[in-house]
Each structure stands twice: as C-alpha cells, then as structure tokens.
Amino acid sequence: MTDLLDLAEEREEEFRRAALAALRSRHRSGGESTTHCKSCGEPIPEARRQAVTTDHCAFCASQIEGGR
Ligand SMILES: [Zn+2]
C-alpha cells in the first residue's frame, strides 16, 4: 500500500516537472499548441495528430489514459 502511494506521488511529481518544462519550452518556441505534447514538450507526429485529437504524445497519452 505504501509502495503504491509512493509510486503515485513519484509519478505525479514527474508529471508536474514535465508540465512545467513543456510550458517553458512553449514560451521559448513562441506558442505552438498541438504540435508538441502538453506534458513533456515532445513533438507530436503529424500522423498521430491527424489520427486522433490529442494534446499529448503517444507515451504521455498512455500514461494519462492508463491511469495507475
Ligand atoms: Zn509527452
């Protein structure tokens, strides 16, 4: 139980850091929106953006949708 909580906390912190980094990089690159993942700032491939409406790369989307 404690292990699960630790893991969740760790992941939350990781996400917060990634979100901040993404915000910072977005400011730097001048306001691109959906071309880059909102969580980690990685570029989202054109094919993925056309296939699904998403603001996240495949990895972050799976993290978010996959939940725990
Ligand atoms: Zn991402």
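**A guided reading of the model**

Guide: Read along the sequence, the protein follows the pattern α-α-α. This is a predicted model, in which local features need pLDDT of at least 70 and side-chain atom pairs count only at pLDDT 80 or more, while totals for chains, interfaces and linings use all residues. Residues are numbered from 1 along each chain as its sequence is written.

Visitor: How many helices does the protein have?

Guide: Helices (H or I, at least four residues) and strands (E, at least two) are DSSP runs, numbered from the N terminus. The protein has zero strands, and its helices number three.

Visitor: Is Ala21 buried, exposed or partly exposed?

Guide: Ala21 lies in helix H1, residues 2-29. A residue is buried if 20 or more other C-beta atoms, placed from the backbone, lie within 10 Å of its own, exposed if 12 or fewer, and partly exposed in between. Because 13 other C-beta atoms lie within 10 Å, Ala21 is partly exposed.

Visitor: What separates the C-alpha atoms of Arg48 and Ala58?

Guide: Arg48 is found in helix H2, residues 46-51. Along the chain, Arg48 and Ala58 are 10 residues apart, and the separation of their C-alpha atoms is 8.1 Å.

Visitor: Which residues make up the largest nonpolar core?

Guide: A nonpolar core is a set of buried Ala, Val, Leu, Ile, Met, Phe, Trp, Tyr and Cys residues joined through C-beta atoms within 7 Å. In soluble globular proteins, nonpolar side chains tend to be buried together. In this protein, the five residues of the largest nonpolar core are Ala22, Cys37, Ile44, Cys57 and Cys60.
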